[in-house]
Amino acid sequence: VQLVESGGGLVQAGGSLRLSCAASGSISSINGMGWYRQTPGKQRELVAVITSGRVTTTYADSVKGRFTISRDNANNTMYLQMTSLKSEDTALYYCHARYCVDNVCQGSWGQGTQVTVSS
C-alpha cells in the first residue's frame, strides 16, 4: 500500500484546511487508516483514525469538534477536514494505513504534508 498526502499549507489561526491521502496498491487489504502529526523533538501523535467495514472514527481530545476524518472509497482517498485551526496544530501531518495480507498485518506511511498555522 502506497500513500500520498496533499493539502497542507500556511493558514491563519481560525482558518480551515483539508488534507487528502490517496492510497494505491492493495486497497482491499486496508482495514484502517488514520492521520498522525509530529513536531520537531516530539513523538508522532495520533490525530484521528477511521476503520473500514463498519466505519468507526476516533479523535484525539485536542482536535475533537474541530477536525473530521472521512474516506471516499470510490476514489481510494482519505480526508482530514480541519477547522478552527490553532497555532498548536502546526505540525507535519502523516497519513497511515493498516493492511493485512495472508493474516500478516503491517502499516504504511505517507511522506507527510506540512501544516503551519500562524497566530
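I started with Ser-118 and found this residue in strand S11, which covers residues 113-118. The model I am reading is a predicted one.

I looked up the exposure of Ser-118: its relative accessibility is 27%, so the residue counts as partly exposed. I then listed its contacts, leaving aside neighbours within four places in sequence, and got Leu-10, Val-11, Gln-12 and Ala-13. I also checked Ser-118 against Ile-27: the two C-alpha atoms are 36 Å apart, with a sequence separation of 91 residues.

Next I went to His-96. I place this residue in strand S9, residues 91-101. Buried or exposed, at 16% relative accessibility? I note His-96 as buried, because 16% falls under the 20% cut-off.

Last, I traced a sheet. I read an open sheet of 4 strands in the order S1-S3-S8-S7, with antiparallel pairing. Strand S1 (2-6) and strand S7 (67-72) are at the edges; each has a single partner strand, so one side of each has no neighbour in the sheet. I note that neighbouring strands here are turned against each other by 15° on average, direction ignored.

Over how many bridges do S3 and S8 pair? I count 6 bridges, in the antiparallel sense, between S3 (residues 17-24) and S8 (residues 77-82). For Leu-17, I find Met-82 as the bridge partner in S8.

Notes. Residues numbered from 1 in each chain as written. Predicted model: local features only at pLDDT ≥ 70, side-chain atom pairs only at ≥ 80, totals over all residues. Heavy atoms only, no water. Pairing = 2+ DSSP bridges. Helix = DSSP H or I, 4+ residues; strand = E, 2+ residues; numbered from the N terminus. Axes fitted to C-alpha atoms, helices over the stretch in contact; angles between N-to-C directions. Buried < 20%, exposed > 50% of the residue type's maximum accessible area, 1.4 Å probe, protein only. Contact = heavy atoms within 4.5 Å.
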